[in-house]
Every structure is written in structure tokens, then in C-alpha cells.
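I jotted things down in the order I looked them up.

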Amino acid sequence: MTEYTSTLLRLLDERGYIHQLTDGAGLDKLASEGIVPGYIGFDATAPSLHIGSLVQIMMLRRLQQAGHKPVVLMGGGTTRIGDPTGRDESRKMLSDATIEANIASIRTVFSRLLTFGDGPTDAIMVNNHDWLGKLGYIELLQQVGTHFTVNRMLSFDSVKLRLEREQPMTFLEFNYMILQGYDFRHLSKTGGVRLQMGGSDQWGNIVNGIELSRRMDGTEVFGLTTPLLTTADGAKMGKTAAGAVWLNDDALPHYDFWQYWRNTDDRDVGRFLRLFTDLPIDEIVRLEALEGAEINAAKTVLANEVTGLVRGAEAARAAEATAAATFAGGGVGQDLPTLVAEAGAIGLVDALIGLGFAASRGEAKRLIAGGGARVDGVAVSDDGYQISLHSGEIRVSSGKKKHGIIKVS
């Protein structure tokens, strides 16, 4: 572990955020001498970010905790193009109204995790459409285009991998790296931003912005990336078999969000406690040392801490109470996914789909055939099974850890 002098880099280092630094010594010196405004960009392709973005949001939180200024860059302009990084096909084009609505929805999570305001270390949110939308094409070519070579652009993974797979890349997408580099230069020139952070897949784009700032303005700026975040079994953070784990309250029930963290692999507990909670390091060391059944207590702490930060303390308490009622007491809890149906009957296949446990009828039938579906704790192997609905609540389960409620309307 590198010995840093600044509170910022010591904090990021001990919690496992640092993968690459363009100039560690230079940034360490800058962060020791004064307030460093730093930013991360987020495109607004959906009304909510998922937990794959949470490590980046937490890094902005660490920046503020260390006495520096977080800048949240919403990609109102770049969302209109689409980041080709890690993709084999172009993103769906979104309307201006949809992008603006997505940005407004996404802001709610940042408001819980960062302190916004007008103070020197208060967070601000900016929208790159405010400057990219005014940038003329000829102006872009003359001022910015001369600093990018096609040879260099073709060497970046976001382009090279797409071409190697013989997947088309539009000229629109090819320009994404230029606009992201321009974002860094613009924020540096107009807002004194000296640091861009992001995931390891953004390294090339970050370096582009650093070089552009140096060439156009002679300004020294810095870049920092986090390690590629995967679970112990190699899965990418943010995705599950049931779909994305969304951060926003209205995109995923509190219980499902809490349960995702409660189901963490034993091997990931310590790492996730460092990255996604504010618990002191010595407490994390104690928790990650637990073994056997005792590690479940650490997982509950993890679930409560992350849910409390992202969704609020009350959401964490309700989710934990629901888990206790569901698993320990044999009840149904109060915070499980709920499906309201008319009195009579509903097919088990439709119930599994309606509760979000299956994305299609075929998937629901495979779940039933594999013995993973239960109604009020009893396994059901008939995919034609009809659940009788008269009054009260009926619990439907998918495997041992996913439970939902069907209520009669």
C-alpha cells in the first residue's frame, strides 16, 4: 500500500478505491494543500442508476468526507450519443424530455449521499448539455479535433473491441471520447476542477481529457480509476438473474435492495463494507473475520448500512424486520414484493412473473420444474397450478431467499 500524505488518497487507498492514478504524487500534494474539486460523469439512460454506479457515487462521498468538492456531471449531452465502452451495439436514442426526466429522478440518490450547497466543499450537479449543446460543429473540429488522432482513437478498447467483433460503430459514437475529453477541459477551465474519477473502463477517456486540458490550456489535471468491480464468483456488480439492482426507491422495493446485500458472498463482505459503508476500518476488520454462521451477522450489518445510506434508515429497519418475519417467524413481513389480484384464482406462472421472480412464462415454468417455486412454503411442481384467492395474503417463494405476497383486491 502506497504511503500518501493527503487525507483524500489515504482514505481512498485504505478502502480499496484506487486502481490507476495518472500522477499519484502530484495529486497527493495538491490534495494536501487545498480543496480539490473532482468529478465523475453519469449518463442518464434510465430513471435510476443501478448498484454498478454506487462505487462511483461513494467515491464522490469520500471526496467530500476528506474535505474536497464533489462535482456530479450528468451527461445530458453525451447521453444523446451513447458511451460505446463495453457495448456491442448502439444505445437506443432518447428524447430530450426523457433525458431531463431521468436526470431529475437520478438526482434523488445523490441528494442522500452528498451534501449539496454553495459552500467550498458542497457538492454541485452540472449538465454537460449546457455547454456541449452550444458547441458548433466547426468550432469543435477546429478547437478540439486537432488534438485527437484517428490512430489513437482506434487503439482504445471501446473502439477496438467493437471492430474486432465486426460490430458496427456509428460516427456518432466514435465522437463520444472527444466530447468526454472536452467535458474535463471545460470543467477545469470554468470551475477549477482538477480531478476526474471513474471506473477502470474509463481510463482512456480520462487520459484524453487530461491531455486536452494540457494542450489547450496548459493546465495540469489528474485522473483516478477504481478496480473493475465484480463479485467473488466473477459476476458484474449491478446485475442479477432477476434484473438490475436499481438505486431509486420506485425502481426496486426496499426489501429486494436490502436482500441483495444480505446475500453477499462470504468472500466479498469485507471488501463491500469498505467500499459501500461508512463503518470504521477496525469494525470492518472485526466483522470480516467472522466465520461460519457468524458471518451472516456481518452480512446483515452490510445490508442495513448500505440500505440506510441509499434508501434511508427507515427503509433499512423495515427490510430487516421483513426478513426476520419471513425467515425466522414464518410470516410474510410487511416489505416484500406484493401483487394485488382479484378474488378467484391466479396461475402460479402469472404470479411468479407478476412478482418479478421470472421475466417470461418459459422462465417461470423452468423455475417450477426445477422445484424452486413454493406457495405458502409448499413446493409446487405443476406449472398449471392455480392459486386460490379468497381473502388475506398468500406467500409465493422463488428458491430459499426470494419471497412475495399476493393480496386479494
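I began with strand S2 (residues 37-42) and strand S3 (residues 69-74), which pair in the parallel sense over six bridges. For my own record, strands are DSSP runs of E with at least two residues, helices are runs of H or I with at least four, and both are numbered from the N terminus. Two strands pair if DSSP finds at least two bridges between them. I looked up Gly-41 too, and its bridge partner in S3 is Leu-73.

This is a predicted model, where local features need pLDDT of at least 70, side-chain atom pairs count only at pLDDT 80 or more, and totals for chains, interfaces and linings use all residues. Residues are numbered from 1 along each chain as its sequence is written, and side-chain values use heavy atoms, with hydrogens and water left out.

Next I traced the whole sheet: it is open, has six strands in the order S1-S6-S5-S2-S3-S4, and its pairing is mixed. Strand S1 (20-21) and strand S4 (124-127) are the edges, each pairing on one side only.

Then I turned to helices H3 (residues 54-65) and H13 (residues 269-276), whose axes (lines fitted to C-alpha atoms over the stretch in contact) come within 9 Å and cross at roughly 50°. H3 and H13 are therefore oblique to each other (angles run from 0 to 180 degrees between N-to-C directions; under 35 is roughly parallel, over 145 roughly antiparallel, 65 to 115 roughly perpendicular, the rest oblique). Leu-54, Val-55, Met-58 and Arg-62 of H3 make the contact (heavy atoms within 4.5 Å) with Arg-274, Leu-275 and Phe-276 of H13.
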